[in-house]
Amino acid sequence: MTGDRHVILRVVSKLLIPLIALYAFYVQFHGEYSPGGGFQAGVIFAVAIILYALIFGMQDTLRMIPPWFTRRLAAFGVILYAGVGFWALMGGGNYLDYDALVDEPPGGHLGQHMGIIIIELGVLFGVSGSMLSIFYAFAGRVAEIRDEDW
Amino acid sequence: MTESVVDLEVGLINVTLLILLFITAIAIARLRSLFAIVMLSGVYSLVSAVWFVALDAVDVAFTEAAVGAGISTTLMLGAMLLTVRTAKADRDASKLAPLLVCFAAGAMLIYASIDLPPYGDPNSPANSYVGAGYLERNYADIGIPNVVTSVLASYRGFDTLGEVAVVFAAGLGVVLLLGFGERSIAASTKDKEDEE
């Protein structure tokens, strides 16, 4: 903390950061009806964390989300997505054929809905984990923005 | 309201937004302070996102706002902290050749745009063939109203898997090049604690 030189910035961002993170989840789970999906949600969520790190410093951010977690999150997202494909294979369909995920009468959409929700979660984890890993790799060089940089 | 008035209004909005983009681009090219350039490139992305909304491409606009104005700006800020704060002044090289290249490329783009189908043409290639097919089949196949999501996640799920893998590989590449960050973050926070 560098005193009161950025008090307005801190107060405003303290208000906005939870809303940005919440908006990311809205974009994620409302993707069936409105623009957006896992990619945008992942990026928005990463921005909320990065904004916090830029304004409140790396130390608190690292305590909240350590770098090992972001790397594993990214890898887990890709595995989750690819895993849905193998799940469909085991159900007797083609790779990523969501109709094969569950046994349902023709015309049912449960398999499609489950498949899309899970792979969108995979995209969310993969994108936000990758973005945060990239940011940590940059931020590892210089811990914080100095006052004269603003 | 008659159709020509609506056309005029839409045209005015488009021209205003494009002029804003042009001014921002000129300002970016002329500035030397990297912080101002990073912020202006965020402004550029936001204005182009607004323009995409005006063109009814809301998904593209949303992605531009989130990626171009959001994550790029913050990552560029992080990258800026690793280097100097101002760009070097231009050497006294001739500016004639770049100007000619710009005009030539611009003229070719304008020439190519003459062949584009008119905006909103129902018979354009993008609005017929597979695009129309997805619109007709989507609700019976997938059961969700947003066609963009069902194309992205289901019809073209394999492509999206590739995209996620590309994002992951990009993150992995940066981490392998710059280091995981843990050790250097730990070192710098330790320095800070020592100072206090």
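A:F135 touches A:I50, B:L75 and B:G78, leaving aside residues up to four places away in sequence; touching here means that two C-beta atoms, placed from the backbone, lie within 7 Å. This is a predicted model, in which local features need pLDDT of at least 70 and side-chain atom pairs count only at pLDDT 80 or more, while totals for chains, interfaces and linings use all residues. Residues are numbered from 1 along each chain as its sequence is written, and chains are lettered from A and ligands numbered from 1 in the order in which they are written.

A:F135 also turns up in the largest nonpolar core, where A:V43, A:I44, A:A46, A:I49, A:M131 and A:F135 have the most contacts inside the core. That core has 57 residues. To belong to such a core, a residue has to be a buried Ala, Val, Leu, Ile, Met, Phe, Trp, Tyr or Cys, joined to the rest through C-beta atoms within 7 Å. Buried means that 20 or more other C-beta atoms lie within 10 Å of the residue's own; 12 or fewer makes a residue exposed, and anything in between is partly exposed, again with C-beta atoms placed from the backbone. Two or more core residues come from each of α1 (7-29), α2 (38-56), α4 (67-90) and α5 (110-139) of chain A, and also from α3, α6 and α7 of chain B. The biggest giver is α5(A), with 15 residues. These element names follow DSSP runs numbered from the N terminus: helices are H or I runs of at least four residues, and strands are E runs of at least two.

Now for where the chains meet. Here 49 residues of chain B are in contact with 54 residues of chain A. On the chain B side, α3 (58-80), α6 (147-155), α7 (157-178) and α8 (182-195) each supply at least two of the residues that touch chain A. Sorted by class, that side has 29 nonpolar, 16 polar and four charged residues. In this sorting, Ala, Val, Leu, Ile, Met, Phe, Trp, Tyr, Cys and Pro are nonpolar, Asp, Glu, Lys and Arg are charged, and the others, Gly among them, are polar.

Chain B itself has eight helices and zero strands. Buried residues make up 19% of its 196 residues. Take contacts in chain B between residues at least 6 apart in sequence, and 45% of them join residues at least 24 apart.

How do two of these helices, α2(B) and α3(B), pack? Helix α2 (residues 34-54) of chain B and α3(B) have axes 8 Å apart, at an angle of about 175°. Axes are lines fitted to C-alpha atoms, for helices over the stretch in contact, and angles run from 0 to 180 degrees between N-to-C directions. That makes α2(B) and α3(B) roughly antiparallel to each other; the labels are roughly parallel under 35 degrees, roughly antiparallel over 145, roughly perpendicular from 65 to 115, and oblique for the rest. Residues making the contact include B:F35 and B:F52 of α2(B) and B:M76 and B:M80 of α3(B). The contact residues divide into 15 nonpolar, seven polar and one charged.

B:Y134, B:L135 and B:N138 of α5(B) meet B:V147, B:S150, B:V151 and B:Y155 of α6(B). By class, the residues of this contact are five nonpolar, two polar and no charged. Helix α5 (residues 130-141) of chain B is hardly covered, with one buried residue among its 12. After α5(B) comes B:G143, whose phi is positive, near 85°.

Two loop residues have a backbone worth a look. Most residues other than glycine have a negative phi. B:Y129, in the loop between α4 (96-113) and α5 of chain B, has a positive phi of about 55° although it is not a glycine. B:Y129 counts as exposed, with 9 C-beta neighbours inside 10 Å. A:L96 also has a positive phi, near 65°, and lies in the loop between α4 and α5 of chain A. A:L96 is buried, with 24 other C-beta atoms within 10 Å.

Within chain A, the mean is lowest in helix α3 (residues 58-64), at 85, and highest in α4(A), at 92.

Definitions and conventions:
pLDDT is the predictor's confidence in each residue, from 0 to 100.
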